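Here is a short walk through one structure.

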Amino acid sequence: MKDPALTPLGGMVLALLRGGDMHPYEMARLLRARRDDRIIPISNGTLYHTVSRLHGQGLLEEVGVDRDGNRPERTTYAVTPAGAEAVREWVRRELGGSRRQTPFRVALAEAHNLDRAETVELVTQRLGLLREELETLSGVLDGAEARDVPEQYLLEPFRHRLLLQAEIDWLDTLIPRISSPGFSWGPDPDHLLAKRKAHQNG
């Protein structure tokens, strides 16, 4: 099958379902409980559309339909093997080389779906790209200052340089931490189960 085009929300949904089957209403509750809506907006309409699209791509499958009292029927979905691989491939692509902040943030949030060594390799790759970008941007700003370009025209690139340096500094400390065997890594089904119980619909 052709490599599916995933949105950041699609990647989140597939990663969430790797921890267990659920219906879209529960997906929305858990995503908001995890505060994933800090990264991307999560509306019920967008989530249901995303689930429908993933199902159409063969990345999700229906595994049951529930009805609770007078509430509408709720279809429960499970991630397929193709879906599990699709989210890992998406995280690989966005974690190591994405220039877009939102996909990278989602990939970072879901990096635990990859092996520790691969994650370290990918964030190290990103660190190298950021250093190259910082060097290029610093050269541009130095040239602008040498030409006496008024600072009012350089506010955004100065801000961007500061953010690049901050992320570089953070990655410099994060990489050795992730590399350490003492840093917890990998699937944690007990944590997800506890989260689901705390936010399940009563």
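Helix α4 covers residues 81–97, 17 residues in total. At 1.5 Å a residue, α4 should span 24 Å, and its end C-alpha atoms are 25 Å apart, which agrees. The expected span is 1.5 Å times one less than the number of residues. Helices (H or I, at least four residues) and strands (E, at least two) are DSSP runs, numbered from the N terminus.

This is a predicted model: local features need pLDDT of at least 70, side-chain atom pairs count only at pLDDT 80 or more, and totals for chains, interfaces and linings use all residues. Residues are numbered from 1 along each chain as its sequence is written, and side-chain values use heavy atoms, leaving out hydrogens and water.

Among the buried residues of α4 are Gly83, Ala86, Val87, Trp90 and Leu95. Buried means under 20% relative accessible area, exposed over 50%, partly exposed in between (1.4 Å probe, protein chains only). The buried residues of α4 pack against α1 (8–17), β2 (74–79), α5 (101–109) and α6 (116–146).

Now look at Thr119, in helix α6. Thr119 counts as buried because its relative accessibility is 1%. Setting aside residues up to four places away in sequence, Thr119 touches Leu95, Ala111, Leu114 and Trp185. A contact means heavy atoms within 4.5 Å.

Which residues touch the most other members of the largest nonpolar core? They are Val13, Leu14, Met27, Leu60 and Leu95, out of 50 residues. α6 gives the most to this core, with nine residues. Such a core is a set of buried Ala, Val, Leu, Ile, Met, Phe, Trp, Tyr and Cys residues joined through side-chain atoms within 4.5 Å.
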